[in-house]
Amino acid sequence: MFLVDLSPSMGASRTVELPDGPAGETRSVEMTKLEWSLQFVKMKIQEMIFNGRKTDQCGVITFGSEETRNVVNEKNGGYEHVSEYIPIGQPNAETLAKLDELQASETAGDPIDALIVGIETQDIYLEKKRTWTRKMVLVTDGESPMEIEEWEGIVKKISSLNIMLTIVGVDFDDEELAYQEEDKSPIKRVNETFYVRLITALPEGLGLLGSLEHALLTLTYPNIKETKSALLSTTLRLGDVEVRESEAIELNVRIAKCTSLARAASWKKYFKKGSDEDVPDVEDEGKDTYKEVKRRTEYVIDMSTEEEEDGKGPTAQDVSMDVDEEKGVPEEETRFEKVEKEQLIKGFKYGSTYVPCPDGQFERLNTKKGIEICGFFQRKNLNRSYLMGELSYVYASPTSIPDQLAFSSIVQAMYEKGVLAIARMVSREGLDPKMGVLSPIVWPNVDVLLWVQMPFADDVRRYTFPSLTTLISRSGEKLTKHPYIPTEEQLEAMDNFVDAMNLMEAGDKDEKGQVYKHDFHYPCGTQIGFPRSRQPWFDPRLSYNPAIHRTKQAQFHSAVVSDITTHPLPPPHPELTKYFDPPKRVLKTAKQALEECKAAFKVKEGTYYPTFIFASTPCFADHTAPSSVPKRAPKARRDDHMRAQDQDEDMILLDQKGPARKEPVVTTPSKSGAASASPSRAGKKKVSVDDSETESESDEEILWESKPKPSAPGLPTPTASPEPEPDPQRAPGRIIGNAYPLMDFRQNLKQGDVVTKAVEDFGVVVREIVGQPFASRRKDEMMKCLKELREACLRVSTWFELILKGLKEDCAGKNGNKDFWAELRKLGRDMSLISTTEARRFGGISAISESAVDVFMQQ
């Protein structure tokens, strides 16, 4: 029962704070106390509508109304200005619409009279329903006078009927929200004190007093919808009850759901009727009218296809290719013949034909309803990744004591032995069987089994992945040092970081500050204890689904307010978002470990670059994007067939030993740099394709022999490369080496998917070589490298700007290569920074003016 105050004071306006706007501005709205109070009442009623239980019923009684209509007045008189506004019943949308019609009156009402009328009305309705839970909510601002002479009798009546009374006060003092009303009237101060005495006098659990603001905040708390599972009666069998009945056990058991997937409320599609259509309800003129969209399925046959198969229709050569612009299909293909649903039969597709099945399904297996235990195995051998579906409780029949004793014996024996049972379940006669696992759970005075479905062999998908710790080159050599293999320092740094992010000690401290053991019960029955001085930060029992509760909050709010624009959706409850961010204590503890990881893995903060950097640039030559990188054509067979390329043929590192091959001959580069080294590294001839090759040639021979040998050295990237041996002059983690940087750079640009990394490493390598002793020997090579690097960065000038400025600082240093920078200055504008005008010509972006470019090279 809801007791709503309609006294004149409830018509006073007040300011209600709203959530901040999109720009962070504070917002508020003016509404009456009654409108604010009715939001709470309607949201409570919406909860009943949402749950949909028949036992969730309510009624509304108003006090302070102009009229008098209640059961006590009809019998004994008195109790004026108290009206039964909405009789007790199951609420619906009309209940909410009727509450919107309430307005504050000009007559004050007595809350005590309304409380007595509510108790009597509820008692009459529930005279034959004594087991129902009784609740009563009084909503008032406490500004109306009331007679409290016989309030002790009211307390006794509420206690005898076990009614849970909740008093919600508008602008009542609230210690939790740290709110205290200023300039409170004497009447309200006295009434508020009386309400405290009234609630205190009630037995524990039957009284609650709070402010309206706190009550509205409480309604957004994510409450779980309680549902009862429909019990399934079945039989548990151990052994062959038909052949060896004396050695078998058959028990009557019940199955109930333990977990069930919860989903957010589904949205339906509605059609907004236009103003030109006839609206039957004249009273609703000016309001939008919506109609739910219904689906309809029609079955048709494509007659054009049938005619072609019979040879009567046009052939493929005779069909006109005129296409309907609206439908996008040839006009001849739009001839359909409608058939009724009753004329259809089910069938199965078998290749290009169909196998009809008039009865809808073929004869099923002759299965028997029940759960059959097939065997037992140790709990430690359970593969938890195989668990699928939802959990269910299996327990003995409550009406059979012998079954309960036998069932309890099986559960306790399994628990003591630490074993699980493999079982086959058939929910109904003739249905397909399911395989699963039964896990014993022993609780105080209760022994149950947990059932979870397991996959058949057809349901398991097996995938093989390359090793993360072992790399074998194509020559068969096992690599111990490689950019893909973490070092001991990196492993230790990552271990420390993972340990620092442990959430098992990130919660609140124990109230007594003592070390305690926190137990975890897994669905399969495993119980693990951890000695902790702090509670775990994450508790699955308090982790709510944001999609469900936020959708529910949006539904309730939109149905309560008249305009969602002026009354926007309030923020979610803190309980719903408390697990969105990691705990600050853990972040603080893991800060040092994180810095060690950054140093060990050489992690640098990335820079955002436009997505068009992978499009064609002046240095990309023949290709435009990573997806258009040309792939090796399959090798032609003698009979003109083409061999399909495998997905893993381009891997440079394998976790299996490949065929041995000779090491390529590499000569030492001369002073002229990479240009002179090119012939010696690319001198090895490509293996030609012989037309006399037979079909018996193995895949491995094709993989190794048909692979062209480019002139670039091997790259530590996951794409194709003929040289898997690591470059001794390439630092760990880089894809550009110090020996042949320009060829490495060109090769990586061709890959298309490592442009950012290639440019970054290329700049670092150039700066290192320029700063080394005897750098003058490679001066021409470095000039050529910088020129090509500048061309590659024309669309994203930030890259070249950072590299060139860093090179200038290195050369200007105490031991810098000033001669190299002097030679670079002679090239002038062509090797300076990229200006805005130049970048715009190539579709790039730059923030450097023309004057700044000229000044940079002159300094």
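**Entry 1: the largest cavity**

I began with the largest cavity, which holds about 150 Å³ of space. Leu 219, Thr 220, Tyr 221, His 549 and Gln 553 are the closest to its centre among the 14 residues that line it. For my own record: a cavity is a set of points, on a 1 Å grid over the protein atoms alone, where a 1.4 Å probe fits but cannot get out, and lining residues have an atom within 4 Å of a point. Grid points are joined across faces, edges and corners, and the volume is the space filled by probe spheres set on the points.

This is a predicted model, in which local features need pLDDT of at least 70 and side-chain atom pairs count only at pLDDT 80 or more, while totals for chains, interfaces and linings use all residues. Residues are numbered from 1 along each chain as its sequence is written, and side-chain values use heavy atoms, with hydrogens and water left out.

I then looked up which helices line the largest cavity. Helix H1 (33-51) and helix H11 (546-560) each supply at least two residues, and H11 gives the most, with four. Helices (H or I, at least four residues) and strands (E, at least two) are DSSP runs, numbered from the N terminus. By class I found seven nonpolar, five polar and two charged residues in this lining. Here Ala, Val, Leu, Ile, Met, Phe, Trp, Tyr, Cys and Pro count as nonpolar, Asp, Glu, Lys and Arg as charged, and the others, Gly among them, as polar. In total I have three cavities of 30 Å³ or more.

**Entry 2: strand S5**

Next I checked S5 (residues 82-89): seven of its eight residues are buried, so the strand is largely enclosed by the rest of the structure. Buried means under 20% relative accessible area (1.4 Å probe, protein chains only). S5 pairs with strand S4 (residues 58-63) in the antiparallel sense over five bridges; pairing requires at least two DSSP bridges. Thr 62 stands opposite Ser 83 in S5.

**Entry 3: the nonpolar cores**

The largest nonpolar core has 40 residues, and Phe 745 and Leu 824 touch the most other members. Such a core is a set of buried Ala, Val, Leu, Ile, Met, Phe, Trp, Tyr and Cys residues joined through side-chain atoms within 4.5 Å. Helix H18 provides the largest share, eight residues. Neighbours within four places in sequence aside, I see Leu 824 in contact (heavy atoms within 4.5 Å) with Met 783, Leu 786, Leu 804, Leu 807, Met 831 and Met 857. A second, separate core of 32 residues includes Phe 2, Trp 36, Leu 96 and Leu 102.

How values were computed
On a 1 Å grid over the protein atoms alone, a cavity is a set of points where a 1.4 Å probe fits but cannot get out, and a pocket is an open set with protein on both sides within 12 Å along at least five of seven lines; lining residues have an atom within 4 Å of a point. Buried means under 20% relative accessible area, exposed over 50%, partly exposed in between (1.4 Å probe, protein chains only).
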